[in-house]
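Thanks for making the time this morning.

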Amino acid sequence: MAAALELARQAQQAGEVPVGAVVVRNGEIIGQGFNSAIAKNDPTAHAEIVALRLAAARLANYRLDDADLYVTLEPCVMCAGALVHARIRRLIFGCRDLRFGGVRSKFHLADSEILNHRVLVVEGILAVECVGILKDFFDERRVARPDGGVAEIT
């Protein structure tokens, strides 16, 4: 998870939502990524998707059934679906995404009994650090309005 947090910091420096992900197989990182949807003009360029693409290319196989994915934020529905399709063995995430979470917060897609593959889900690893980097990122983008409200900086 420490490697995923470092990638989240890189995303933050690039002006992206700070989420980082690594795919690990046999103790080795085989794919990594951070959110890059803005830079790539690609709504699918989430940290998990970037990491899965690199891992699959490295193994020359779209099935990653003996690999684990570590990510700082609970995956969205798109990313949770990709984990199932890739046959990821285990998902380890830092903190929940209460707005868009596809694994625990809104849906239970990754380990749904109605799908043909279930990902083992572990949550809360380095959660304080994972929440902190997101909070800092969004706090930096908010400014107080004269009426006492909060405005987003674009």
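By a salt bridge I mean a side-chain nitrogen of Lys or Arg within 4 Å of a carboxyl oxygen of Asp or Glu. Please keep in mind that this is a predicted model, and that a search of the whole structure finds 10 salt bridges.

Let me begin with E6 and R9, which form such a bridge with their closest N and O atoms 3.7 Å apart. Both belong to helix 1, residues 2–13, where they sit three residues apart and are thus separated by about one helical turn. E6 is partly exposed at 39% relative accessibility, and R9 is partly exposed as well, at 37%.

The next bridge joins D42 and R53, at 3.9 Å from N to O. Because D42 lies in the loop between helix 2 (37–40) and helix 3 (47–59), while R53 lies in helix 3, this pair ties together parts that are 11 residues apart in sequence.

Then there is D68 with R89, whose closest N and O atoms are 3.0 Å apart. Since D68 is in strand 3 and R89 is in the loop between helix 4 and strand 4, the parts they tie together are 21 residues apart in sequence. D68 counts as buried, at 6% relative accessibility, whereas R89 counts as partly exposed, at 41%. Through shared partners, salt bridges join D68, R89 and R90 into one network.

Finally, the structure holds one aromatic pair. The ring centres of F137 and F138 are 5.0 Å apart and their planes stand at 85°, so the pair is edge-to-face. F137 is buried, at 2% relative accessible area, while F138 is partly exposed, at 29%.

Methods:
Residues are numbered from 1 along each chain as its sequence is written. This is a predicted model: local features need pLDDT of at least 70, side-chain atom pairs count only at pLDDT 80 or more; totals for chains, interfaces and linings use all residues. Side-chain values use heavy atoms; hydrogens and water are left out. Rings of Phe, Tyr and Trp (its six-membered ring) pair if their centres lie within 6.5 Å; planes under 30 degrees apart count as stacked, over 60 as edge-to-face and the rest as tilted. Buried means under 20% relative accessible area, exposed over 50%, partly exposed in between (1.4 Å probe, protein chains only). Helices (H or I, at least four residues) and strands (E, at least two) are DSSP runs, numbered from the N terminus.
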